[in-house]
Amino acid sequence: MSETVQGEMREKASWVAGIDIGGTKILMLLCTRNGDGQVYECRLPTQAAEQPESFFRWLFAELKTFCEESGCQWQQLAGVGLGFPGVILQDEGVLRNAPAFQWPEEDIRPIIAQFYSGNIVLDNDVNMAAMGEVDQGAARGHRHSVMVTVGTGIGAALVLNGELYSGQHGAAGEIGHFVAGDEGLDPGYAADADAFGVFEQVTSGTGITERARNYFTAGKGSELSLIWSLAGGQAEQIEARHVFKAAESGDVAALEILDLPLRYMARGLANITALLNPSIIVLGGGVAASNPTYYLNEVQTRLKRYVVLPVQIVIAELGNKAGAIGALASIRRNLQRTDR
């Protein structure tokens, strides 16, 4: 095939889409392949299905409509990046550990091909978010970066030498089972792939919420605590955000509740720094974003005790668009490789 014909084909297929698939919401971004025009955005509620075929039939029908409304003909869509809330086995095309999508363990790529024949990149949502921060966010310009998301759960993504590192089973960055201390490690403890690890139990938003509720249920907390008033005087209504808000004001109960989660997080980041020597670690997720200045300062203060190597610790910049932006960046990279 001549270079002229190849160039004409690339010009015809001149758009890319990045899709961040969540358990409840989906964000689609659409733009020209070279990124020099407007970025179109579409948000819609997730219509989960028991079988992947039904889900992808719906998803790509929505994407086709979105393309038409944005001025992109379906045949002009050169590629699509898809981020999932779970582990993608890259060689097998299998989605695992995705509570919102309890599908059979089968290759989803041939299923996608029934509805879209262009270039596809699949990865988990944290990896996509990390690529977004590298492409346009807090890690821009860094070849060695790690993104740690602190939300309902805990996750991490590794970008080493400018490329995502997925590990043998696609689970690199699944740091929930880190061991940062003795908390939760009773003599009978054994890691369970279907349960939170001890690191996640302590440091995640879910873990902090449970820790705070137990603190007040056990009678350790005073009704004078700001946490108590923020939760309307009901222990079962306490959330992690209440604890951080109270901690900013020096609330004694909040400081005591957060001491262990922040200490464990600092130790986890210290271990990541010692092992991988990244130039930057980006903290994302709902917990980090809800009180960014306080959270960052507290983690950095503790981290200084444990690390010798220099590393920047920053808060993510792209918010809930990071995954879709990363999906766009990933499909662009993939297309550049296929063009060579």
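**Strands, domains and salt bridges**

At a relative accessibility of 38%, E41 counts as partly exposed, a class that lies between buried (under 20% relative accessible area) and exposed (over 50%), computed with a 1.4 Å probe on protein chains only. The model is predicted, with pLDDT of at least 70 required for local features and 80 or more for side-chain atom pairs, while totals for chains, interfaces and linings use all residues. Residues are numbered from 1 along each chain as its sequence is written, and side-chain values use heavy atoms, without hydrogens and water.

Student: With which residue does E41 form a salt bridge?

Tutor: A salt bridge is a side-chain nitrogen of Lys or Arg within 4 Å of a carboxyl oxygen of Asp or Glu. For E41 the closest N and O atoms are 2.9 Å apart, and the partner is K321.

Student: How many residues apart in sequence are the parts that K321 and E41 tie together?

Tutor: The closest N and O atoms of K321 and E41 are 2.9 Å apart. E41 lies in strand β3 (residues 40-45) and K321 in the loop between β12 (312-315) and α12 (322-339), so the pair ties together parts whose separation in sequence is 280 residues. Helices (H or I, at least four residues) and strands (E, at least two) are DSSP runs numbered from the N terminus.

Student: How many residues apart are R333 and E163?

Tutor: The side chains of R333 and E163 meet in a salt bridge, 4.0 Å from N to O. This pair links distant parts of the chain, with R333 in helix α12 and E163 in strand β10 (residues 163-165), at a separation of 170 residues. R333 is partly exposed, with a relative accessible area of 27%, and E163 is also partly exposed, at 37%. The separation asked for is 170 residues.

Student: Which residues are joined with E298 and R302 into one network?

Tutor: E298 and R302 form a salt bridge, with their closest N and O atoms 2.7 Å apart. They are four residues apart in helix α11 (residues 292-303), so about one helical turn separates them. Through salt bridges that share partners, one network joins E298 and R302 with D259 and R263.

Student: What is the bridge partner of G79 in β7?

Tutor: β4 and strand β7 (residues 119-124) pair in the parallel sense over six bridges. In β7, the partner of G79 is N119.

Student: How far apart are the centres of domain 1 and domain 2?

Tutor: An automatic or database domain assignment supplies the bounds, giving domain 1 (3-124) and domain 2 (138-316). Taken over C-alpha atoms, the separation of their centres is 31 Å.

Student: Which strand gives the most to the side of domain 1 that touches domain 2?

Tutor: The area buried between domain 1 and domain 2 is about 410 Å², of which carbon and sulfur atoms give 43%; this is the accessible area (1.4 Å probe) that two parts lose on being put together, summed over both. The count between domain 1 and domain 2 is zero salt bridges. With three residues, the strand that gives the most to this side of domain 1 is β5 (residues 87-89).

Definitions and conventions: Pairing = 2+ DSSP bridges.
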